[in-house]
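Please keep the sequence and the 3D view at hand while reading.

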Amino acid sequence: MKKVLVTGASGFVGGHVVQALARNGIQPRCLVRQTSRLDYIKDWSPELVFGDITSPASLETAVEGVDGIVHCAGVIRALSLEEFMRVNADGCSNLYRACLAKNPAVRRIVHISSLTALGPSVAGGPTKEGQDRHPVSNYGNSKLAGHRIAEAHMDRLPIVILIPPAVYGPFDRTFLGLFACVNKGFALAIGREERWASLIFAKDLARAVLACLDSEKAVGNEYLVEDGQPHTWREVAAAVGQSMHKSPVRIPIPPILAKAASTIIGCAARWTGKPAFFDRNRLNDFLQPSWTCSSAKICRELDFTPQYTLKRGIEETYLWYKDQNWL
Ligand SMILES: NC(=O)c1ccc[n+]([C@@H]2O[C@H](COP(=O)([O-])OP(=O)(O)OC[C@H]3O[C@@H](n4cnc5c(N)ncnc54)[C@H](OP(=O)(O)O)[C@@H]3O)[C@@H](O)[C@H]2O)c1
């Protein structure tokens with residue numbers, strides 16, 4: 001592949017995809033908005049195309065003449081289900097329609113879904129591809145709607161769906177809160193029970209994207225991608241502590257208090273018009289005992305092996321945060 005369009009290129013995941021493409025000699029074309037910050041991609045000589053995923057006409061020029069597309073644009077916080085749907089679902093229809101109209105011969109499209117679209121793991125172990133889907137938040141429901149739109153276009157476009165669990169690494173601000181707390185000597189947890197999660201380091205996710213762009217076998221398939229073993233949040237906080245030579249004290253917050261806090265945060269978000277990552281609806285995701293999944297299929301079929309253990313990924317993330325003076 002010579003040229004690949006990345007939507008959401010100015011974001012956390014998109015930024016890593018742009019860097020991985022450029023490092024592998026593939027020219028990234030970046031769909032960005034006039035307001036997008038280009039800090040993470042500007043050094044990689046990207047071709048910029050201005051457009052908005054919610055504006056179909058703006059996508060036609062973007063998709064023309066590229067060999068592949070990586071669809072990362074999405075919102076991870078919004079004030080309502082409608083707002084989530086407009087970008088995470090309708091945005092996918094707009095992009096794939098533009099592609100059918102202007103570049104039906106595109107060689108590969110990688111659609112970035114989310115484990116929240118499939119829902120928390122049910123008893124019996126980590127989630128696998130093809131299991132029943134049962135999202136528990138507005139975000140998860142909008143990602144499932146987008147996932148289904150990608151599936152509905154698989155008969156006409158060479159789409160691969162990649163399903164990451166929580167992603168962490170340089171550029172990310174979601175995990176920064178955990179690092180900041182640990183830096184002050186504590187780690188918050190909701191309730192006393194142990195909660196489990198699969199994670200993927202952003203550079204490994206970007207490598208999985210390259211594997212999907214590269215493999216003919218991937219077309220029409222969906223792949224979960226994680227770092228090889230499930231983690232408890234206690235273990236994640238300990239790894240963060242280890243990276244900064246600190247031993248955080250775990251502070252369990254009673255779920256009722258978390259509900260009250262999330263309600264207040266949600267009200268403040270509506271009042272200011274600025275969506276929050278953690279509100280009453282999103283709390284449903286945080287309250288689940290387990291968000292684990294298995295990347296056995298992508299490892300087997302696309303010969304993918306994650307290179308980052310939790311310890312290595314957390315250390316690299318910490319050094320990056322420190323270097324940026326974020327901590
Ligand atoms: N982060 C995770 O843990 C995680 C886990 C699983 C799946 N995902 C998925 O990965 C994708 C990227 O997430 P992220 O964490 O990188 O989020 P992010 O840092 O907030 O980046 C989102 C990107 O989407 C762009 N975008 C948002 N609305 C847009 C619109 N209307 N038109 C064009 N571009 C728009 C943003 O552009 P601006 O810079 O202009 O705002 C930004 O580049 C999302 O689809 C998300 O659901 C993320």
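In this predicted model, Leu81, Phe84, Met85 and Asn88 of helix α3 meet a group of residues in helix α6, namely Asn138, Tyr139, Asn141, Ser142, Lys143, Ala145 and Gly146. By class, this contact of α3 with α6 has five nonpolar, five polar and one charged residues. The points below begin with this helix pair and then turn to other helices, the sheets and the ligand.

- Helix α3 covers residues 81–88 and helix α6 covers residues 138–152; their axes come within 9 Å and cross at roughly 30°.
- Because angles under 35 degrees count as roughly parallel, this crossing makes α3 roughly parallel to α6.
- The crossing in which α3 passes α6 is right-handed.
- Helix α4, residues 90–102, also packs against α6: the two axes come within 8 Å and cross at roughly 20°.
- Helices α4 and α6 are therefore roughly parallel to each other as well.
- The crossing of α4 and α6 is right-handed.
- On the α4 side the contact is made by Cys92, Ser93 and Tyr96, and on the α6 side by Gly146, Ile149 and Ala150.
- The residues of the contact of α4 with α6 divide into four nonpolar, two polar and no charged.
- Gly146 of α6 is named both in the contact with α3 and in the contact with α4.

**The pair α7 and α9**

- Helix α7 (residues 176–183) packs against helix α9 (residues 233–243) at an angle of about 60°, and their axes are 10 Å apart.
- Angles under 35 degrees count as roughly parallel and those from 65 to 115 as roughly perpendicular, whereas an angle between these ranges counts as oblique.
- Helices α7 and α9 are therefore oblique to each other.
- The crossing of α7 past α9 is right-handed.
- Leu178, Phe179 and Val182 of α7 meet Ala237, Val240 and Gly241 of α9.
- This contact of α7 with α9 comprises five nonpolar residues, one polar residue and no charged residue.

- Strands of a sheet pair through backbone hydrogen bonds, in either a parallel or an antiparallel manner.
- Strand β1, residues 3–7, pairs in the parallel sense with strand β4, residues 68–71, over four bridges.
- Within this pairing, Val4 has Gly68 of β4 as its bridge partner.

**The sheet of three strands**

- Another open sheet has three strands in the order β12-β9-β14, with mixed pairing.
- Its edge strands are β12 (231–232) and β14 (290–291), and each pairs on one side only.
- Strand β9, residues 196–197, runs parallel to β14 and is joined to β14 by two bridges.
- Trp196 has Ser290 of β14 as its bridge partner.

**The surroundings of the ligand**

- How many residues surround the ligand? The number is 24, and the closest are Gly8, Gly11, Val13, Ser36 and Gly74.
- The elements that give two or more residues to this shell are α1 (12–23) and β7 (166–168).
- Helix α1 supplies the largest share of the shell, three residues.
- By class, the residues of the shell around the ligand divide into twelve nonpolar, nine polar and three charged.

Terms used
Residues are numbered from 1 along each chain as its sequence is written. This is a predicted model: local features need pLDDT of at least 70, side-chain atom pairs count only at pLDDT 80 or more; totals for chains, interfaces and linings use all residues. A residue is near a molecule or strand if its C-beta atom, placed from the backbone, lies within 6 Å of it. Ala, Val, Leu, Ile, Met, Phe, Trp, Tyr, Cys and Pro count as nonpolar, Asp, Glu, Lys and Arg as charged, and the others, Gly among them, as polar. Two strands pair if DSSP finds at least two bridges between them. Axes are lines fitted to C-alpha atoms, for helices over the stretch in contact, and angles run from 0 to 180 degrees between N-to-C directions. Angles under 35 degrees count as roughly parallel, over 145 as roughly antiparallel, 65 to 115 as roughly perpendicular and the rest as oblique. A crossing is left-handed if the near helix is turned anticlockwise from the far one by less than a right angle, and right-handed if clockwise. Two residues are in contact if their C-beta atoms, placed from the backbone, lie within 7 Å.
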